[in-house]
Amino acid sequence: PYDTTRTIYGPFQSPFFGPMQLYEGYTPTYSPHMDESRLCSSCHTLLTETADLSGNLTGQHFVEQATYHEYLNSDFPANNIKCQTCHMPQLASPVVIANGFIALTPRSPFNQHVFAGANHFMLDLIKNNKTSLGVNVADERFDSTLDATAANLRLNSINLNLLFDSAMSDTGYFRVKLENKVGHKFPSGYPSRRVVVQFVVTDNANDTIFKSGLFAPDFRVVGETTAFETHHDIINQSDVPQIYELVMGDVNGDYTSVLERAAIVLKDNRIPPLGFTSTHSTYDTCVISADAMADADFNKNNLVEGTGIDYVHFHVPLGTYSGDLKVTTRIFYQSVPPKFLDEMFAMSSPEIDTFRTMYSNADKTPFLVATDSLNITVTDIQKQNLQNAIKVYPSVSRTGEFNLQANGDVKIEKIEIFDS
């Protein structure tokens, strides 16, 4: 607790007042909740009232964000990892909390007021329009926060691994592993935020033979469906993208990006944190949509929830190709994708028109979070050997029993049965 009875001296200072009392008129009081994650819940648990397309309130509510509930539905509380751990990291050494007061006793622990999140785009937009917005903050202050935000995205958000499984017959099999490192869904917060997986295969002439998650010149995702892109477990053709996002629907069940009209969740395949389950008491506010829940390895391992990991399987048609391949995957973060603003920009008001100008002049390049790549060589012998590595016999069985034989180093890990 702050000891108001201490006698401390400094320039222009009364012996009975600390700097906050002397200059600001406040008497600081110790409050333990300032170091608890529930402090963040008042802003990061937000329900909005739903309106129909005529602007009439329906009496229903929509969970605009439940970041704190996502945190509760994770392993982080049990491991004493708080919101402050990442967003207000503590300094190891004691800190004197005011300049010019040489007699102040250093405080420990001291949480830095960094508040770095992930919205790099809007920070940069505000910096570049601070005069018209009436923001009186020096550029270097913006720059330090932009640097902290970039570091937070690149170092603390996602572990990315690109895995090559096999090349059989005319197909190459790859997996992209995304492991959530944060204590809430990734991405989290306002529904405009999303993550795009980019996956590109090129041959030894640097010609592209497979691509997914590329951006058009206006930074829209190539191949994304008009309404919204469903979650994918397997992608086996070019220009089908994997996008992790929360998608809102209006009272008619149609896609909307206008928060006032949000009534239902059409899609939420954002990657859950470690320990997240559908049986937790907060799950009703942060439900995973059916398309992602049907994915056998989305936050699951052998049907057990809580991995905080998703695998995207890419089946790349190789035809008769033999030779070297370079495979690259990248993870991009978009705070305010162009698609999210189409509905608003169809309207006009002084505020919308002002933001439209700012947005059109902004750098909308998606933020590169992580990348991984590998080089492989595919040969006819390799493909043929792998194709013949598993024998299934007999071709017709009167008893319904079949034999599976794996040759060489091949291991059978999963069997799936399909009808015609």
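Residues count as buried under 20% relative accessible area, as exposed over 50%, and as partly exposed in between (1.4 Å probe, protein chains only). This is a predicted model, in which local features need pLDDT of at least 70 and side-chain atom pairs count only at pLDDT 80 or more, while totals for chains, interfaces and linings use all residues. Residues are numbered from 1 along each chain as its sequence is written, and side-chain values use heavy atoms, with hydrogens and water left out.

**Aromatic pairs**

Rings of Phe, Tyr and Trp (its six-membered ring) pair if their centres lie within 6.5 Å; planes under 30 degrees apart are stacked, over 60 edge-to-face, and the rest tilted. The count by this rule is 14 aromatic pairs. Two of them are tabulated here.

| Pair | Centre distance | Plane angle | Class |
|---|---|---|---|
| Tyr190 and Phe340 | 6.0 Å | 75° | edge-to-face |
| Phe210 and Phe314 | 6.4 Å | 85° | edge-to-face |

Tyr190 lies in the loop between strand E6 (171-180) and strand E7 (194-203), whereas Phe340 belongs to helix H9 (residues 338-345), 150 residues apart. Helices (H or I, at least four residues) and strands (E, at least two) are DSSP runs, numbered from the N terminus. Tyr190 is partly exposed, because its relative accessibility is 32%; Phe340, at 10%, is buried.

Phe210 is in strand E8 (residues 208-212) and Phe314 in strand E15 (residues 309-317), so their pair ties together parts 104 residues apart in sequence. Both Phe210 and Phe314 are buried. Ring pairs also join Phe164, Phe174, Phe199, Phe210 and Phe314 into a cluster.
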